[in-house]
Amino acid sequence: MSRFLAALRRQRVDTTPVWIMRQAGRYLPQYRATRERAGDFLALCKNPELAAEVTLQPVEILGVDAAILFSDILIPVEAMGVPLAFAEGEGPRLEAVKGPQDLKRLHVPDPAAEVPFVLEAIRILRERLPAGVPLIGFSGAPFTLATYVVEGGTSRTFRRVLSWMYEDPASFRDLLDLLAETVTAYLQAQARAGAQALQIFDTWAGVLSRRLYREMALPVTQRIVRALAPLGVPVILYVNGCAPFLEEMAATGVDGISVDWRVSLTEAAQRTRGAVALQGNLDPLALFGSRATVEREAARVLGEAPPHGHIFNLGHGILPETPVENVEALVEAVHRLGKKEI
Ligand code: CP3
């Protein structure tokens, strides 16, 4: 079995596995070249051959222990009936769902019919990935997807989505339910097409209080995780700013939780009592200094992590300006410093 899947199952490994959120991305010149050939970012997501090519790049260039399907969390949202565009350098723009009256615009898409390119990319990748490097499929979680659907893009204050949630929680839950049904079918389809692990990104759930996380984000996440259980594919849950919710995240039944840099892995291990594998949690900004700093920070994270059941990663996606040589140094340092005595 691969190091990544063994660690996710909290089994012994020869050294700590490592992959990087947004590992196929703009910091890599090879990625920028392929995106150019595709035309733009969305065209790249919808071209299975080129999406597979960029998915493989970090495996070949960096030697990471897992590949993550190249796509975006907003792809199934577009298929639900929310027109999507990416303006160069500006992030996503969606035709916002402003309130309950707009919910009838949305439907739960059939993945095989409406996002076939995602499943095709997975099939291509399963043929091309080297042995021992599993493929991670992924989706956004309902709350995080709701922030994009309601705000119409990335937000700093989340004013529209949070005021809907406070003003009319019943219809906001209807939106979350529609998204949960979409995510469930989407992840089931990815697993059936060959994804060997699944990561659920609830990136913005960290803006919620613990009470509202329990009331709004948690129940739909739990429902998705339960629906995936019969497939036997391990699941990782990521929340940026997860410190208040570690216990709740572990109780969803996921195999691993992906932790941002604001909480130590030692504290995360204590509070989750070894019930889940831990992924993380280097600050992406630690990759901007010298090679010595990268090594020192990698060693610190490894020192705080449990010896088994740890997958090294960043606490959030890698930034486009990150020097590639520091990312190479990070992967090398994790593999060298993470060696176990077997
Ligand atoms: O991790 C990987 O390498 C797999 C691919 C992946 C992308 N986005 C590619 C991408 C994954 C797993 C995502 C998830 C995603 N997308 C999240 C959740 C994780 C996180 O980082 O918080 C979110 C919130 C999105 C939505 C999204 N997509 C935003 C806000 C942006 C713009 C941000 C930016 O850096 O410009 C994107 C675009 C995006 N998704 C890019 C990539 C490589 C950059 C687009 C480009 O190439 O021009």
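## Ligand contacts

How far is an oxygen atom of the ligand from a polar backbone atom of Ala24? In this predicted model, the separation between that ligand oxygen and the polar backbone atom of Ala24 is 3.1 Å. A polar backbone atom of Arg22 lies 2.6 Å from an oxygen atom of the ligand, and the side chain of His316 places an N or O atom 2.7 Å from a ligand oxygen. On its own the ligand has 880 Å² of accessible area, and the protein covers 90% of this.

## The surrounding shell

The ligand sits in the largest pocket, and the elements that give two or more residues to the shell around the ligand are helix 2, spanning 29–38, and strand 3, spanning 91–94. In total, 24 residues surround the ligand, and the closest of them are Arg22, Arg26, Tyr31, Arg35 and Asp72.

Sorted by class, this shell is made up of 13 nonpolar residues, 7 polar residues and 4 charged residues.

## Helix 10 and the residue after it

Helix 10 runs over residues 169–193 and holds 25 residues; from its first C-alpha to its last it reaches 36 Å, which is close to the 36 Å expected at 1.5 Å a residue. Just after helix 10 comes Gly194, whose phi is positive, at about 130°.

## Backbone geometry elsewhere

Two further backbone features deserve attention when the model is inspected. The peptide bond that leads from Gly280 to Asn281 is cis, with omega near -10°, and Asn281 belongs to strand 8, which covers residues 277–282.

Arg10, although it is not a glycine, has a positive phi of about 60°, and its place is in the loop between helix 1, residues 3–8, and helix 2.

Notes. Residues numbered from 1 in each chain as written. Predicted model: local features only at pLDDT ≥ 70, side-chain atom pairs only at ≥ 80, totals over all residues. Heavy atoms only, no water. Near = heavy atom within 4 Å. Polar contact = N/O pair within 3.5 Å; in protein donor to acceptor, adjacent residues only side chain to side chain. Areas by Shrake-Rupley, 256 points an atom, 1.4 Å probe, with all protein chains shown as cover. 1 Å grid on protein atoms, 1.4 Å probe; cavity = no way out; pocket = protein on both sides within 12 Å on 5 of 7 lines; lining within 4 Å. Sits in = over half its atoms within 2 Å of the grid points. Helix = DSSP H or I, 4+ residues; strand = E, 2+ residues; numbered from the N terminus. Nonpolar A, V, L, I, M, F, W, Y, C, P; charged D, E, K, R; others polar. Expected span 1.5 Å × (residues − 1).
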